[in-house]
Amino acid sequence: MAAIDFDDISKTFRHGIRRQRALKGMSLAIHRGEIFGFLGPNGAGKSTAIKILLNFIRPDSGTVRVEGLVVGRDRFQHRIGYLPETPCFYENLSGLETLWFAGKASGMDGQGIKENTHQVLSRLDLKTAGAWPVRTYSKGMKQRLGLAMALIHDPQIYILDEPMSGLDPLGRRLITDVILDLRKQGKTVFFSSHILSDVERLCDRIGILDKGELLFSGAASEIVQDGSSLEDAFVRLIEEHEKAKSA
Amino acid sequence: MHKILLIAWVTFKDSIRNKALYGIFFFGLVLFAANIIITAMFSWELGKVAVDVGLSVVSFAGLVIIFFLSINLVSNDLDRKTIYLILSRPVGKLQYILGKYTGLGLILLLSSSVLGACAALSVEMATHNVKGYVPMHFSWPTFFLGLTFLTLSLLVVLAIALLWVTVTTHPFTALLLSLFSYFIGQNVETVKSIIITSQMYAENPMLTRVVEYASWIFPNLAAFDLKTTAAYGLSVDAGYLMWVAAYGFSYIGVCLVMSILIFQRRQLA
């Protein structure tokens, strides 16, 4: 059974009388224990796919399953940890209170939350800042707190939307190390990113999406030609798709 | 239930540390000081004026909390996607709505308790040396009964505001619709009785019907207003009070059920 399974997902948004097709029959399976990079230019439909996966929006057709549980019908949220692209918090709470809330909402008991909070804050270099109100955090600290919220209940599957977005090199290194740790623990990580060097280094497999269509899914080495980089391969694939569409 | 209380806790804690709330409380306290000065300008019915101003300030502060703090807080959850961090966990939309309402309702209860106590103090101070100008039957239990029903009316307005936030996509629209509902709710019963009793509108059944429908849709907020009763210490019919309380809680229930049903269908893009 796949950890995450998108089965023929289509989604169209309406803006007044205008219709915008965001996903066209996307099928994609993410295996257990793999790190999967979800790539695509802006507006490709990555965020839409993630929102459908998290049941924030409903697909027009198709089914998404998380460890066999049907999204929109079954309760699956306790199996996942999610980091949004720009995490927003209740700014007047402290980091510790935020994590306590996240743990409780995920069904943890007080003792478990206490132990995991200590561990997660140390891992993400937020131990000193734990007692501070979130409104005093920098962007990088907020990003790390968002990741701490995803980690607190130790789920099997992680969905990270642009986890390196807006981070300095140290922050990026920290998040990269956390993702590699998760791989060692046999967790599944599904993340979208624009930073292709990180994707190339971290991912077992990648998926490339453009204008709602999945152009490629497999190991990065399958599309990278000799001597070129993933970035070259990505640009080539997108350009070929655009040409084919306009022809 | 546990998740509802959790959302309520986080809402309450975030709101109670909001600087805007301190501003509202400070403004309320200034108005109570003003109550003592305003009352001193009157040479008759001092007790009535003091109670009217005191309870009006509690009501005003509650409305400011609803229209400017509560609507903003819930809209921010939706606009800034704070809600993603909640709904990506095993928390349903039903629990979210009920938790938000409970948390914001607790803020209103706190506001009414603190400012209600200040109102009582300002009434006592304003009338301390002029006992002869205080209505004969004035009693504190009736005063606090007035405060309780005022708070219930604020809880009704909060439920309406939450409903409009779930229906609309912009906080300003939700604010306008909430204000609109509040003003209709305050005046619909008066307008209805004028139209029904006045000969002027007798030949306009359309208008009568519109007002009749409005009185069914919008809450009769005037029914919760016991300021005059509190000021004069008038006797109140227990049956009437029970009916008003049941009406208030039912209206809140209907608003919350509608908010949940609408929110369940809403896509959080």
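Guide: This is a predicted model. Start with the open sheet of chain A: six strands, ordered β6-β7-β8-β3-β9-β10, with mixed pairing. The edges belong to β6 (80-83) and β10 (213-218) of chain A. Each has a single partner strand, so one side of each is left without a neighbour in the sheet. Direction ignored, neighbouring strands are turned by 15° against each other on average.

Now take one pair. Strand β7 (residues 157-161) of chain A runs parallel to strand β8 (residues 188-192) of chain A, and five bridges join them. One bridge links A:Ile159 to A:Phe190 in β8(A). Helix α1 (residues 46-53) of chain A packs on this sheet. It touches β3 (35-39), β7, β8 and β9 (205-210) of chain A. The direction of α1 makes about 145° with that of β7(A).

Next, a helix pair in chain A. Helix α4 (residues 139-151) and helix α5 (residues 169-184) of chain A pack at about 10°, their axes 11 Å apart. Angles under 35 degrees count as roughly parallel, so α4(A) is roughly parallel to α5(A). From α4(A), the contact uses A:Gly140, A:Gln143, A:Arg144 and A:Leu147. From α5(A) come A:Gly171, A:Ile175 and A:Val178. By type, the residues of this contact are three nonpolar, three polar and one charged. As background, an α-helix has 3.6 residues a turn, so residues three or four places apart point the same way.

Technical notes:
Residues are numbered from 1 along each chain as its sequence is written. Chains are lettered from A and ligands numbered from 1 in the order in which they are written. This is a predicted model: local features need pLDDT of at least 70, side-chain atom pairs count only at pLDDT 80 or more; totals for chains, interfaces and linings use all residues. Two strands pair if DSSP finds at least two bridges between them. Helices (H or I, at least four residues) and strands (E, at least two) are DSSP runs, numbered from the N terminus. Axes are lines fitted to C-alpha atoms, for helices over the stretch in contact, and angles run from 0 to 180 degrees between N-to-C directions. Two residues are in contact if their C-beta atoms, placed from the backbone, lie within 7 Å. Angles under 35 degrees count as roughly parallel, over 145 as roughly antiparallel, 65 to 115 as roughly perpendicular and the rest as oblique. Ala, Val, Leu, Ile, Met, Phe, Trp, Tyr, Cys and Pro count as nonpolar, Asp, Glu, Lys and Arg as charged, and the others, Gly among them, as polar.
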